[in-house]
Structures are given as C-alpha cells and as structure tokens.
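These are my notes from an afternoon of looking things up, one topic per entry.

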Amino acid sequence: QLIAREGWTEPGNVQADPMALYKSYFISHDRICQRVDALKVGVTKLLRLDNEIEISRGTVVGGLNEYLEDLGSTAMHVWDEHSMLVASQNDCMVHLHKVSKKKQSSSDDKCLREIMQVRLAPVPISKKTDCTLTNMAIDDRYVLFSFDVDGRSILSSIMKDELLSNSTEDTIECGDFLKKHELPLLMKDYYDRNQDDDELVFLSDLETEVQSFENDLTFNVLDLKEVGHGIFCVLVKIYFDFDLDLDEEDEDNDELSSALLSFSASNGREAILDCIRIPTRIASGSPLITSNIRCKQRSDPVEIVCKSSQGHEIHVTHMDRSGSFHQKMYLHQDNRTVPATRAANMPTYSSHTLRTSTRLVGYSEIGGSLDVYELKEDAPPKHLPLHQDFNTVLSMNHLDNDYVLMICRRDAESLPAEEDIDGHWFGDDHGPKSDMYCLYFIVIYIPSMEEIYVSRIISAEKVDMMVATGKDHTVAAAVGGAGCCFSSPFVVTKALDEDSNIEWAPRQKKVKKKKPKVGAKKEKKEDGFTKKFCNKR
C-alpha cells in the first residue's frame with residue numbers, strides 16, 4: 001500500500017520473503033527522495049533569502065562567494081561526508097567548505113563555512129604565463145588536478161592531508177607538496193618500458209634523433225576519474241608537433257590519438273601504468289568517462305566507460321588494483337533516431353553519461369531523453385522519455401545504486417501562464433503574467449525506468465546550478481549567484497564544538513539486567529518502519 005500510495009512501480013522477482021523485499025524497496029526509494037527534497041528546500045532558501053524557510057537537520061547552506069557567480073569556470077567535488085571542495089578555474093584557487101556551527105549561536109544551528117582558500121601554482125606565477133585549472137578528481141588520499149598552461153595540459157597532484165596542512169598559505173607552489181607531472185616525459189618513460197605494446201605503435205616516429213617526446217608531443221586532458229589506491233584514469237588527446245597558431249582544421253590533422261591513461265599519483269611512484277587507445281568515432285564526439293567506482297566491491301576491478309556525446313558507440317574497459325587495463329570492449333550500439341520534439345543542451349561542466357550498478361545511462365541532447373544501455377553486444381539502448389518539458393540539463397548525477405538525479409531548467413518563454421503563480425509571490429514587478437523560470441529536481445529509478453520524484457522551484461531569475469554526489473546519499477550543490485548547499489545524513493551526527501575541550505564523562509557502573517520470569521508475557525514491539533509509515537491515519 002505504501003508503494004502504491006507514492007505511485008511507484010512494485011518490485012519484480014518477488015521470492016520467498018516478499019515483505020522484506022517490499023520494505024527494503026520502499027525504504028530505499030524513500031531515503032533517496034527525502035535527501036533530494038532536503039536539497040531542494042536548501043536551494044529554495046538560497047534563492048528566496050527567506051529565513052522562515054526551515055531546512056532539515058541534515059542540510060546546511062552557505063553564503064555567496066564571488067567565484068560562484070560563473071559556474072562555467074567552476075569545478076566541484078564532495079571532499080568527505082562533511083565537506084565540499086570547489087575549484088575556481090580561472091585563478092586556480094581551491095576552496096574547502098565545511099559544515100560548522102554558526103558563530104555566536106547558543107543552539108546547534110549549522111552553516112556551510114569556507115575554511116580554506118589557497119591558490120595552486122604548478123608553474124612559477126608570471127603575467128606572461130596563462131594558467132587555468134581545467135579538472136580535478138579526488139580519492140581517499142590524493143587529489144589530482146589538470147591545468148592548461150599556455151595551451152598545454154599538465155597534471156599536478158597533492159595528498160589531501162598536505163593540502164589541509166598548507167591551507168593557511170596564500171599559494172602552494174610546485175615542490176615537495178604539490179607535484180607537477182609532465183605528460184610527455186611520463187609517456188616517454190612508459191614507452192621505453194613497453195616498446196612492444198601494440199597500443200604504442202603511433203609513437204614509433206618519435207624515436208628519431210630529430211624528433212623527441214619532450215618537444216614534439218602535446219597532451220590535452222579531457223577528463224579525470226579516481227580509481228582508488230592513488231590511481232586515476234585520465235582521458236587525453238595526443239598531438240604531434242602541435243602549433244598554437246594553427247587553425248582548427250590543421251589541428252585535427254596533427255592529432256595522433258585519443259587514449260585512456262592509468263596514472264599513479266602515489267608518492268615516489270608517479271608514473272603512467274598503462275595506456276589504451278579509444279576508437280576515433282568516440283574521440284571525435286566530445287567524449288567523457290564514467291566509472292562504477294562507487295557501486296563496486298572493494299576487490300573488484302573498476303569499470304571505465306568512455307562514450308561520445310554524439311552517437312551510440314561505447315568503449316568499455318576494466319582496470320585492476322594495480323592500474324592495468326583488461327577486457328577491452330568496443331560496442332557499436334544500433335543508432336536510433338530520436339524525435340527532436342524538444343532540443344535540450346547541457347553545460348560543459350555536466351556529465352552526459354553515468355554508470356550505475358546495473359546500467360549505463362546516457363543523456364540524449366537531441367530529444368531531451370535518457371538512453372539506457374545494457375552493455376551487451378546485441379542490446380540496443382532503451383529509450384526513456386522524460387515527462388517534464390525543459391530546455392537545459394544543468395546537472396546529471398548518479399546517486400546510490402540505480403538512482404539518477406537530474407537538475408533541469410525550463411526557460412521563461414516555455415512556462416505556461418497558469419504555472420507562474422503556484423502560490424508564490426515574487427514582488428510587485430512580477431505578476432501572474434510575468435515570465436518565470438522553472439527549476440526541476442528529478443529522481444529516476446533505472447531498473448523500473450520511472451521518475452519516482454519530481455519537484456520544482458519557480459524563480460523570477462535564471463538559475464545556474466551544479467551538483468556533486470558522495471557516499472551514502474551525500475549531495476552538494478552550488479547555485480550561481482546564491483551560494484552553496486550541502487545535504488548528508490552525517491551532518492546530523494556531526495560534533496559541532498570541534499574547538500572546545502572535550503570532557504569525558506566518568507565511567508558508569510554496569511547494571512546487570514534482570515532475567516525475565518519464566519512464563520512472563522512479552523510485549524510486542526513495533527519496529528521503526530512500522531511506527532513511521534504504517535501507523536499514519
């Protein structure tokens with residue numbers, strides 16, 4: 001009845017204990033929907049600037065920062081269950097926001113406070129040098145950054161503890177803590193160790209005395225993904241004798257290959273561990289990578305999926321704990337024509353492909369829909385049309401197991417007049433006939449191919465928003481021109497008085513429990529699930 005009340009599809013493959021299956025199914029859906037709803041309320045509070053809007057105990061918000069004005073030049077990741085790391089790409093600044101107790105507050109009120117602001121300098125700071133931070137990835141111990149320095153990509157890594165210990169500095173320069181990794185030199189070292197590898201045949205021309213890896217090989221880092229144990233997967237385009245003055249046509253002719261690199265950032269073992277090339281048809285269509293790192297068993301290899309934003313070609317490979325690629329697979333899915341009933345675009349900072357625990361989910365920019373892949377040779381993608389009309393997908397993220405969170409925006413000109421009001425007042429200048437923007441929060445459960453949660457915020461202003469997700473339903477959001485929002489079950493249990501001395505209570509004497517008398521009647525206790533959901537009238 002609870003599942004039917006919410007309008008959700010009942011689970012299939014009911015076996016011996018249907019009650020346990022239905023209960024687990026409902027709780028999983030409900031927890032995800034509650035977390036996303038808490039995020040939506042937090043974003044509403046940021047946009048409306050209304051102190052009377054109450055947010056849940058597991059959600060905190062932070063004020064406006066200048067670097068959050070333009071999300072197109074911002075990268076964001078969940079740092080841990082209490083913090084989020086935001087990078088300002090143009091000035092190479094990284095900002096750490098942490099759940100903290102509000103100053104001069106006697107209650108347990110919390111806020112999202114910036115505790116670190118430091119500039120990363122992989123090369124000496126100079127007005128003549130153009131350096132921007134283009135991407136980052138975080139694992140349990142290391143942070144890997146990619147920078148664009150005068151048109152060439154380099155990698156830099158730092159341990160998370162060392163970044164925190166140097167957070168009082170204005171700038172962390174390349175040295176003992178922030179390490180710079182020149183990709184041409186790393187590739188030369190890898191080539192010398194693996195000259196018989198067929199994947200490296202395209203580099204054989206660089207063995208001559210006239211040409212060299214250092215001077216004639218240039219890398220463009222497209223994407224980064226953490227794999228674990230200090231190992232990262234790096235998607236790159238490799239160019240030969242690249243000239244910055246060449247036009248785009250000549251630049252394409254100088255492209256040698258696109259490849260996935262297995263890179264180790266561990267101290268003393270910085271190296272390229274493996275390299276595989278990806279098909280040209282994928283490389284030519286703005287590819288990005290995704291992985292199942294968050295939904296796999298610890299001992300299992302990580303599945304890396306590379307897919308173009310154009311077409312249905314998919315490149316799948318597995319990476320083991322040592323950083324080696326295995327079971328390389330290239331799937332050419334049947335190309336299906338999607339009716340362009342509503343065209344929708346995505347910003348450059350949002351991924352268009354996600355790997356859940358059982359499926360690969362790709363967003364089709366042509367028809368404003370999802371393509372769900374089984375990752376089998378003869379299985380074409382299933383088409384999942386979305387019920388809501390929108391113009392832009394602001395963010396698309398994988399939540400736990402098989403849930404996908406989409407943040408979509410519908411522009412003012414497509415918002416029906418009867419939806420302008422919706423019980424909200426926007427000021428004297430915005431009447432019922434004014435143009436309003438609509439921000440949708442959509443949760444999709446992939447196995448049943450249904451939208452289990454849809455909610456919206458109506459705004460008089462155009463809103464940009466990006467989202468990052470972490471472990472155990474942790475969700476962080478940056479709202480352009482408004483601030484940050486962080487929602488996690490760990491926020492409720494976080495000790496806020498971190499700076500105060502902790503007083504330990506004296507050890508209490510154990511009290512022996514009396515054994516119940518034989519034949520005594522036991523009271524029937526209701527579990528938390530029954531109390532919360534089944535006793536409602």
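Entry on serine 83. Leaving aside residues up to four places away in sequence, I found that serine 83 touches Val78, Leu96, His97, Lys98 and Phe486. I then looked up where serine 83 sits, and it belongs to strand β3, which covers residues 83–88. Is serine 83 buried or exposed? Serine 83 counts as buried because its relative accessibility is 2%, and the cut-off for that word is under 20%.

Entry on confidence. I reminded myself that this is a predicted model, and I noted that the mean pLDDT of the chain is 78, with 75% of its residues reaching 70 or more. Within the chain, strand β7 (residues 142–149) has the highest confidence, at a mean of 94, whereas helix α6 (residues 248–253) has the lowest, at 45. I also marked residues 336–340, where pLDDT stays under 50 and the model has eleven contacts beyond four places in sequence. Residues 419–423 likewise stay under 50, and for them the model has 15 such contacts.

Entry on the second largest pocket. I looked up its space, which comes to about 510 Å³. The elements that each give two or more residues to its lining are α2 (18–48), β1 (59–62) and β5 (110–121), and β1 gives the most, with four residues. Which residues lie nearest the centre of this pocket? Of the 21 residues that line the pocket, those are Lys45, Ile55, Val61, Lys102 and Lys110.

Note on methods:
Residues numbered from 1 in each chain as written. Predicted model: local features only at pLDDT ≥ 70, side-chain atom pairs only at ≥ 80, totals over all residues. Heavy atoms only, no water. 1 Å grid on protein atoms, 1.4 Å probe; cavity = no way out; pocket = protein on both sides within 12 Å on 5 of 7 lines; lining within 4 Å. Points joined across faces, edges and corners; volume = space filled by probe spheres on them. pLDDT = per-residue confidence, 0-100. Contact = heavy atoms within 4.5 Å. Buried < 20%, exposed > 50% of the residue type's maximum accessible area, 1.4 Å probe, protein only.
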